[in-house]
Amino acid sequence: MRIGLFVTCLTDTLFPETGKAVVAVLERLGHQVEFPADQACCGQMHFNTGYRREAVPMARTFVRAFSGYEAVVTPSASCASMVREYYPALAAEVGDEGLARAVGEVAPRVFELSALVADVLGLTDVGAYFPHRVTYHPTCHGLRMLLIGDAPLRLLRAVRGLDLAALPDAESCCGFGGTFAVKNPDVSAAMCADKVAAIRQSRAEVVCATDNSCLMHIGGALSRSRSGVATLHLAEILASTEASTEAGVR
Amino acid sequence: MNGSMPTYLGMPAFPAAAKAAVADSQLRRNLTHATGTIRAKRAGAVAELDDWERLRQAAKAIKDHTLANLDAYLLRLEENVIKGGGQVHWAQDAAQANAIVAGLVRAAPADRVVKVKSMVTQEIGLNDALESGGIVATETDLAELIVQLGHDLPSHILVPAIHKNRSEIREIFRREMPDAPAGLTDDPAELAAAARRHLRHEFLHASVGISGANFAIADTGSLVVVESEGNGRMCVTLPRTLISVVGVEKVLPSWRDLEVFLALLPRSSTAERMNPYTSIWSGVTPGDGPEQFHLVLVDNGRTASLADQTGRQALRCIRCSACLNVCPVYERAGGHAYGSPYPGPIGAIISPQLRGLSSPVDSSLPFASTLCGACYEVCPVAINIPEALVHLRAKVKHNFSERTVFHLSGQVLESPRRLAAAQRLASLSRRFVGRSGRIRRLPPPLRGWTETRDAPAPPAESFRAWWQRTRESGTRERGTR
């Protein structure tokens with residue numbers, strides 16, 4: 001399958017290893033991955049903070065970059081849900097029929113990585129090896145907007161050497177919430193402190209998720225508290241093999 | 001026209017109020033315990049019904065249909081209440097509603113009233129309005145009584161005193177309840193018995209009862225109150241005069257519709273299959289119950305909300321409080337931070353719609369959420385609260401510096417070329433980061449991030465740059481802007 005990679009602005013700028021991991025996993029499974037260079041940001045931060053008008057050109061950039069692919073993969077449940085759930089409303093709101101048509105064509109083919117692999121491609125074993133104790137934090141947009149369910153867990157269970165630890169109160173939000181983290185710093189930090197406590201309780205060495213945004217928040221608190229627990233995007237665990245020496249845990 | 005909720009004016013913005021609540025460890029313990037318990041119970045009660053999702057969609061459809069034809073159903077309700085021997089009054093805002101009720105109490109004539117717990121009378125500040133007219137109103141719901149005796153404000157829709165634990169309640173009773181028994185302990189049964197004795201006197205002597213209503217049936221002019229303690233049953237049956245203050249969105253077309261809601265509400269609210277008391281009355285019945293019945297229908301900003309295609313879904317709310325109990329923000333910030341009798345996620349979309357977005361607290365409420373969606377998931381009438389929050393955020397007037405930041409960042413994030421340039425700049429800034437690869441302190445406006453969290457150092461090379469360097473040939477070439 002010819003798959004377009006929507007790497008997301010955050011992963012592109014701050015977490016390039018995640019993007020490389022998505023490419024590695026899908027190529028290992030025999031797919032052709034392309035990175036259209038004319039992609040930028042999905043506009044979620046602007047849209048969710050109340051700057052809907054500013055999000056419109058970003059939606060236009062997105063559909064221009066990704067029209068024509070059989071599937072579009074992204075290592076972010078949150079950005080995938082922006083495109084799938086909110087682009088149609090955004091296009092209707094500005095009365096741009098061309099954009100609405102393009103969204104109607106592209107949006108249903110945008111998949112978060114684990115949903116693409118486990119549900120669309122129907123695979124659980126992607127040939128990964130990761131000899132560490134890992135816990136999984138289901139991010140809110142993956143869980144409640146995209147409804148990816150246990151796709152990430154099915155993939156993790158098939159990783160050789162991986163010791164999957166249950167995360168207490170896993171479905172509680174980590175407190176990131178985009179600009180919420182800055183607009184409501186006290187509540188955000190209190191939520192994150194509880195998430196960090198749950199992660200430590202799981203005795204995992206690594207916490208993984210399908211969104212680098214939430215991981216950046218959780219990882220920032222884990223690092224500040226010198227917990228010794230690393231954060232890693234799910235894609236990087238799936239990309240890891242016996243051959244890849246260092247897992248590149250950040 | 002927007003409504004008014006006079007009680008809470010002058011509240012600080014949500015983040016400031018929440019900061020104090022987060023720092024109050026006693027409050028945090030009370031809330032975590034209470035919401036955690038009811039959350040688990042609700043999940044169990046809902047799991048018993050295999051047609052929950054269909055019930056939920058039915059309730060949504062009934063409410064949407066009723067709201068779309070609200071004028072017709074309200075007139076039918078009025079007609080049938082009058083047919084049953086009741087009187088109907090229409091109030092456009094809080095002041096009108098309060099004046100109507102005070103006038104009815106004086107005409108009774110009475111200077112004391114007993115009240116069933118009601119959200120709309122909290123919303124319009126009825127108790128304060130009656131007090132300034134020389135009328136004493138006694139709340140008879142246990143938690144509402146605790147709040148009233150403590151000169152406090154409610155912090156939860158169902159359990160207004162959820163922020164108090166039992167030893168704090170004992171202190172309030174000792175201090176404020178004149179007939180509290182000597183040696184009162186903090187045993188829940190003892191506390192309830194003290195409240196019961198205190199209230200019994202009020203029930204037997206009040207000639208006017210004031211209630212809200214969970215539902216009003218247009219076809220028969222019937223009012224419905226669901227409750228757990230029996231105090232509501234006393235208030236709507238013992239006094240000679242009954243005044244029910246009801247928001248216009250409470251109307252349902254018919255009895256058949258009520259069935260759906262009586263299945264959804266108790267399980268969502270108290271995690272019960274059925275609530276202990278469901279009182280239903282249609283006008284007056286000679287020789288049985290109140291001799292006079294008045295229905296005061298209140299708008300107070302509701303029709304303005306009805307005009308908003310996305311915001312109007314909040315009018316489906318049946319005040320069950322399931323969204324409060326699952327909300328991670330409510331659990332940490334507590335109810336008072338929302339500056340309204342409607343706290344939690346639903347409050348964050350109701351209050352700004354009823355009151356407008358001009359005050360500091362109202363303009364901060366749409367942002368008092370991580371958009372995690374737990375509220376939408378449990379809502380028995382499928383109110384998409386995250387969608388409504390995001391919708392309201394676009395209506396808030398943002399300050400100049402934020403607008404500037406978002407305008408400029410928008411220019412960068414919509415353009416692949418400018419984004420790539422920004423990434424090169426970010427990579428250059430690596431030299432200012434220590435060897436840890438973690439940034440411990442960022443300059444404003446990102447300072448808030450590093451108050452409690454480290455930030456990741458930018459990589460030497462963005463993904464885009466890596467791809468270009470190693471895979472250029474495989475890329476679809478298109479004109480970049």
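How many residues of chain B are in contact with chain A, and how many of chain A with chain B?

1. Interface between the chains. In the predicted model, 53 residues of chain B are in contact with 53 residues of chain A. On the side of chain B that touches chain A, at least two residues each come from helix 1 (14-23), helix 15 (328-333), helix 19, helix 20 (400-413), helix 21 (416-428), helix 22 (447-452), strand 12 (455-456) and helix 23 (463-471). By class, this side of chain B comprises 26 nonpolar, 14 polar and 13 charged residues.

2. Helix 16 and helix 19 of chain B. Helix 19, listed above among the elements that supply the side of chain B touching chain A, also packs within its own chain. The axes of helix 16 (residues 344-355) and helix 19 (residues 385-393) of chain B come within 10 Å and cross at roughly 40 degrees. Helix 16 of chain B contributes Pro345(B), Ile346(B), Ala348(B), Ile349(B) and Pro352(B) to the contact, while helix 19 of chain B contributes Ile385(B), Ala388(B), Leu389(B) and Leu392(B). The residues of this contact are nine nonpolar, with no polar and no charged.

3. A sheet in chain B. Four strands of chain B form an open sheet in the order 8-5-6-9, with mixed pairing. Strand 8 (251-252) and strand 9 (277-282) of chain B are at the edges, and each has a single partner strand, so one side of each is left without a neighbour in the sheet. Strand 5 (residues 215-217) and strand 6 (residues 222-227) of chain B run antiparallel and are joined by three bridges. Within this pairing, Phe215(B) has Val224(B) of strand 6 of chain B as its bridge partner. Helix 12 (residues 255-269) of chain B packs on the sheet and touches strand 5, strand 6, strand 8 and strand 9 of chain B; the direction of helix 12 makes about 165 degrees with that of strand 5 of chain B.

4. Domains of chain B. The assignment for chain B gives domain 1 (6-303) and domain 2 (408-474). The C-alpha centres of domain 1 and domain 2 of chain B are separated by 53 Å.

5. Domains of chain A. Chain A is assigned domain 1 (2-120) and domain 2 (133-239), with C-alpha centres 22 Å apart. Their contact takes 26 residues from domain 1 of chain A and 22 residues from domain 2 of chain A. On the domain 1 side of this contact in chain A, helix 1 (9-14), helix 2 (16-28), helix 3 (44-49), helix 5 (77-94) and helix 7 (113-120) each supply at least two residues. That side of domain 1 of chain A has 14 nonpolar, eight polar and four charged residues.

6. Helix 4 and helix 5 of chain A. Helix 5 of chain A, one of the elements that supply the domain 1 side, also packs against helix 4 (residues 52-66) of chain A at an angle of about 110 degrees, with the axes 10 Å apart. Helix 4 and helix 5 of chain A are therefore roughly perpendicular to each other, and the crossing is left-handed. The contact involves Arg52(A), Ala55(A), Val56(A), Ala59(A) and Phe62(A) of helix 4 of chain A, together with Val83(A), Tyr87(A), Leu90(A), Ala91(A), Glu93(A) and Val94(A) of helix 5 of chain A. By class, the residues of the contact between helix 4 and helix 5 of chain A are nine nonpolar, no polar and two charged.

Methods: Residues are numbered from 1 along each chain as its sequence is written. Chains are lettered from A and ligands numbered from 1 in the order in which they are written. This is a predicted model: local features need pLDDT of at least 70, side-chain atom pairs count only at pLDDT 80 or more; totals for chains, interfaces and linings use all residues. Two strands pair if DSSP finds at least two bridges between them. Two residues are in contact if their C-beta atoms, placed from the backbone, lie within 7 Å. Axes are lines fitted to C-alpha atoms, for helices over the stretch in contact, and angles run from 0 to 180 degrees between N-to-C directions. Ala, Val, Leu, Ile, Met, Phe, Trp, Tyr, Cys and Pro count as nonpolar, Asp, Glu, Lys and Arg as charged, and the others, Gly among them, as polar. Domain bounds come from an automatic or database domain assignment. Angles under 35 degrees count as roughly parallel, over 145 as roughly antiparallel, 65 to 115 as roughly perpendicular and the rest as oblique. A crossing is left-handed if the near helix is turned anticlockwise from the far one by less than a right angle, and right-handed if clockwise.
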